[in-house]
Amino acid sequence: MSAAGPLIRHRFETLADASEALAEAVAIRLLALIAAQGRALIAVPGGSTPARFLAALGAHELPWESITLMPTDERFVAPDDQASNERMIRAAFAPLREGRTPFVSFHNAGDDLAAAAASLDRVLKGLPPLDIVVSGMGADGHIASLFPGQTVALTAPASVHAVAATPPDLPPRLSLSPARLQGAGHVALLISGREKDEVLASAVELPAAFPVGLLLSRPQGLDVYWAKA
């Protein structure tokens, strides 16, 4: 196994400041990717934390028609459900809301979780590796919908691109696989608060105990954007 790459920490007083800085960094990378290869593929998180980042990124003047977006994961609900990550991303990210950027939806693959994961896996197999992943992290160290104790999802073989997740006491979900996340060209983690800072510090010491360790162990390294509040 390759050695882990550098862990670069960017620390901010507010989530707004962290989100703006991350959006600026991602926009610069996207422009470089378009110049080099004519297109880019990026995965972004759902939940409440990344809404400011998505709004800030969407405000940048980029050739969005050449940039394909997808979620890192999705709850197994209808796309217009209040809990849907796609719904939040569409609401926060103007280029998607206005139909200016392609989007890979994790929905519309039926109401059977395993079959939906298999369908999404086939879609993702036809796409190139992710150029950029922006991930959140839960207080238990989960990333996307890869949760502690979900052995089947966490140990999916490298040939698998999408996995089904059934975390205890939570709705079932679809998630990018460990291999898809780890294989991205660049990964950034956006988190806030002391609790998550402490969880990340624990994961640095013992990465195998936390799903976020999948990102910490990447030979390409990991950028962390942390906000105090």
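1. Strands β1 and β9 pair in the parallel sense over six bridges; two strands are taken to pair if DSSP finds at least two bridges between them. Within this pairing, Leu-7 stands opposite Leu-222 in β9. Helices (H or I, at least four residues) and strands (E, at least two) are DSSP runs, numbered from the N terminus.

2. The basis of the note is as follows. This is a predicted model, in which local features need pLDDT of at least 70 and side-chain atom pairs count only at pLDDT 80 or more, while totals for chains, interfaces and linings use all residues. Residues are numbered from 1 along each chain as its sequence is written, and side-chain values use heavy atoms, with hydrogens and water left out.

3. The β1–β9 pair belongs to an open sheet of six strands, ordered β1-β9-β8-β5-β2-β3, with parallel pairing. Strands β1 and β3 (67–71) stand at the edges with a single partner strand each, so one side of each has no neighbour in the sheet. Neighbouring strands of this sheet are turned against each other by 15 degrees on average, direction ignored. Here axes are lines fitted to C-alpha atoms, for helices over the stretch in contact, and angles run from 0 to 180 degrees between N-to-C directions.

4. A search of the whole structure finds two aromatic pairs. In one of them, the ring centres of Phe-12 and Tyr-225 are 6.2 Å apart and the planes stand at 5 degrees, so the pair is stacked. The pair links distant parts of the chain, with Phe-12 in strand β1 (residues 7–12) and Tyr-225 in strand β9 (residues 222–227), 213 residues apart. Rings of Phe, Tyr and Trp (its six-membered ring) pair if their centres lie within 6.5 Å; planes under 30 degrees apart count as stacked, over 60 as edge-to-face and the rest as tilted.

5. A further open sheet has three strands in the order β4-β7-β6, and its pairing is antiparallel. Its edge strands are β4 (73–75) and β6 (162–165), each of which pairs on one side only. Three bridges join β4 to β7 (residues 173–176), and Arg-75 stands opposite Arg-173 in β7. Helix α5 (residues 113–125) packs on the sheet, touching β6 and β7, and its direction makes about 160 degrees with that of β6.

6. The axes of helix α1 (residues 15–37) and α2 come within 8 Å and cross at roughly 45 degrees. The two helices are therefore oblique to each other (angles under 35 degrees count as roughly parallel, over 145 as roughly antiparallel, 65 to 115 as roughly perpendicular and the rest as oblique). On the α2 side, the contact (heavy atoms within 4.5 Å) involves Arg-52, Phe-53, Ala-56 and Leu-57; the α1 residues include Leu-15, Ser-19, Glu-20 and Leu-30. By class, the contact of α1 with α2 divides into 10 nonpolar, one polar and two charged residues. Ala, Val, Leu, Ile, Met, Phe, Trp, Tyr, Cys and Pro count as nonpolar, Asp, Glu, Lys and Arg as charged, and the others, Gly among them, as polar.

7. Helix α2 (residues 51–58) also packs with helix α3 (residues 85–92), at an angle of about 45 degrees and with the axes 8 Å apart. This angle makes α2 oblique to α3. Ala-51, Leu-54 and Ala-55 of α2 make the contact with Met-88, Ile-89 and Ala-92 of α3. That contact has six nonpolar, no polar and no charged residues.
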